[in-house]
Amino acid sequence: MRFSLPSQPVRSAALVLPWLVWGALRVCPAPEGLAVSAWHYFAVFAAAITALVVTGLPGGAIGLMALSFLTATGAVHDDPAESIAWALAGFSDPTVWLTFGAFLFAIGYRRSGLGRRIALMLVRRLGRRTLGLGYAIALADLALAPGTPSNTARSGGTIYPIVSQIPPLYGSTPGAGEGRIGSYVMWTAFASTAVTSSMFITALVPNAAAVAMAHKATGVSVGWLQFALGFAPAGILLLLLVPALSYALLRPKVGDSSATVEWAHGELEAMGPVTRAEWTMAALVLLAIWLWVTGSQPYLGLPWPGAGSLHPVTVVLVAASAMLLLGVITWDDLTGDREAWGVFLYFATVLTLADGLSRTGFIGWFAQRASAPLHELDPRLTLVAMLALFFWSHYLFASVTSHALAVLPVVLALAQGVPGLDAPMLAMLCVHALGLMGVISPYATGCAPIYAASGYLGRSMFWALGAGFGMLYFAALLGVVWPWLTWGPVWR
């Protein structure tokens with residue numbers, strides 16, 4: 001989600017700052033041991049990251065401009081043919097297409113009405129008590145997460161419109177009445193989507209790209225099933241804790257939420273019986289999840305032809321084609337989804353930009369220099385410190401994707417230079433942290449401003465809850481995910 005820049009002077013300053021960063025680095029001499037070409041490449045990369053952080057320009061536009069400049073100046077390859085081949089490599093990256101294809105599932109949920117029906121059915125089933133309502137909200141987000149890579153679309157676009165209609169049923173309004181039930185349902189919805197965003201590789205936009213960066217840096221290879229299993233113990237535990245902990249902290253004055261059940265029943269009645277499009281969408285989602293779990297896992301010994309040979313991107317493209325063929329979505333839906341195409345262009349360019357840091361030798365030089373002071377420290381303590389740096393530095397970012405692009409390569413480069421440090425483990429902990437860190441501030445992830453602007457969560461309340469739940473989520477990474485990945489039969 002973009003933030004509106006408040007005034008023209010601020011907007012102008014924000015647009016000038018990236019150029020100042022590039023110019024300052026460009027005129028400085030290259031550090032000792034680093035090639036001049038690599039230093040000049042880093043200057044452009046740093047300017048692009050600055051633009052992502054401080055300007056309101058779309059990420060795809062920034063990535064395209066930076067990549068065009070680097071290609072035209074031969075920053076990575078002198079030969080024009082090799083230079084353009086490098087620049088276009090990101091458009092064939094499987095992780096880019098996996099994320100884009102998963103966006104088509106989000107279109108299908110929205111167009112068919114299946115996402116709204118699932119949420120309303122869970123509210124009707126579990127919402128008679130306020131605590132049960134919290135679990136219904138969390139389970140609705142979990143049900144949509146495998147096929148909705150944008151938590152803005154999933155939580156902000158599907159869950160929020162439903163939960164926002166619940167507080168007025170009990171006279172809970174922004175201001176004096178928010179404590180009746182409004183604060184509870186809003187925070188539970190927001191805190192839950194941070195958890196589900198870390199549970200599946202297709203549940204958050206930058207997850208797949210981060211996995212690709214981790215693979216290039218450390219060699220760790222993680223498929224859809226391993227990703228889900230790697231976080232499952234922590235994810236299940238946190239989803240059990242979030243509604244109960246939110247209930248204990250926010251103490252909603254409404255205990256019996258029967259009116260919500262009646263309202264959900266009325267909404268479902270208005271929707272009518274399940275349509276053919278909804279049944280089709282449900283079948284395609286279940287088929288895609290089954291193939292993600294089994295199609296790329298040859299060790300399962302599946303008897304049907306082709307088992308173990310389906311790439312996750314093949315699965316999502318086949319499912320998307322089936323949605324088009326069966327009329328769940330239309331071609332206009334596909335071509336008109338600005339967010340999906342914006343993310344596609346963004347990832348195709350920024351993954352290539354990150355790859356250029358390695359190709360020019362900057363990452364190797366930085367890892368050697370920056371990791372030297374860490375050689376005498378306990379590798380486990382160093383891992384914790386690096387993970388903490390990665391997680392809590394998200395206070396400086398208004399986009400999880402920008403954070404992953406800017407900070408993850410640095411952390412992984414440092415890890416490579418520390419003797420005894422488990423770099424693949426650190427990589428996976430950082431990847432699983434991406435969704436969780438979205439809880440810490442009112443701007444930390446795409447759907448955060450929606451809940452912050454609801455009026456049910458005051459500014460100080462949001463910051464305090466974000467810090468508290470952030471500490472809980474960080475503790476889960478260290479206390480649950482790390483031991484599970486160390487001893488569990490999940491990967492490696």
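Is Tyr247 buried, partly exposed or exposed? In this predicted model, Tyr247 has a relative accessible area of 28% and is partly exposed (buried means under 20% relative accessible area, exposed over 50%, partly exposed in between, with a 1.4 Å probe and protein chains only). The model is predicted, and local features need pLDDT of at least 70, side-chain atom pairs count only at pLDDT 80 or more, and totals for chains, interfaces and linings use all residues. Residues are numbered from 1 along each chain as its sequence is written, and side-chain values use heavy atoms, with hydrogens and water left out.

The structure holds 23 aromatic pairs (rings of Phe, Tyr and Trp, the last by its six-membered ring, with centres within 6.5 Å; planes under 30 degrees apart are stacked, over 60 edge-to-face and the rest tilted). One of them is the edge-to-face pair of Trp22 and Phe69, at 6.1 Å centre to centre and with 85° between the planes. Trp22 belongs to helix 1 (residues 8-27) and Phe69 to helix 3 (residues 59-72), 47 residues apart (helices are DSSP runs of H or I, at least four residues, numbered from the N terminus). Trp22 is partly exposed at 24% relative accessibility, and Phe69 is partly exposed at 37%. Tyr247 forms an edge-to-face pair with Tyr184, at 5.6 Å centre to centre and with 90° between the planes. Because Tyr184 lies in helix 9 and Tyr247 in helix 11, this pair ties together parts that are 63 residues apart in sequence. Tyr184 is buried, at 1% relative accessibility.

Phe200 lies in the loop between helix 9 (182-196) and helix 10 (205-218). Phe200 is buried, with a relative accessible area of 12%. Beyond residues up to four places away in sequence, Phe200 touches Leu142, Ala145, Pro146, Asn207, Trp224, Phe227 and Ala228 (contact means heavy atoms within 4.5 Å). The C-alpha atoms of Phe200 and Pro146 are separated by 5.9 Å, although the two are 54 residues apart along the chain.

Helix 5 (residues 94-112) has 19 residues, and its end C-alpha atoms are 27 Å apart, in agreement with the 27 Å that it should span at 1.5 Å a residue (the expected span is 1.5 Å times one less than the number of residues). Of these 19 residues, 15 are buried, so helix 5 is largely enclosed by the rest of the structure. Gly113, with a positive phi near 85°, follows helix 5. Asp337, in the loop between helix 15 (331-336) and helix 16 (338-359), is buried at 10% relative accessible area. Leaving aside neighbours within four places in sequence, Asp337 is in contact with Ile107 and Arg110.

Methods: Helices (H or I, at least four residues) and strands (E, at least two) are DSSP runs, numbered from the N terminus.
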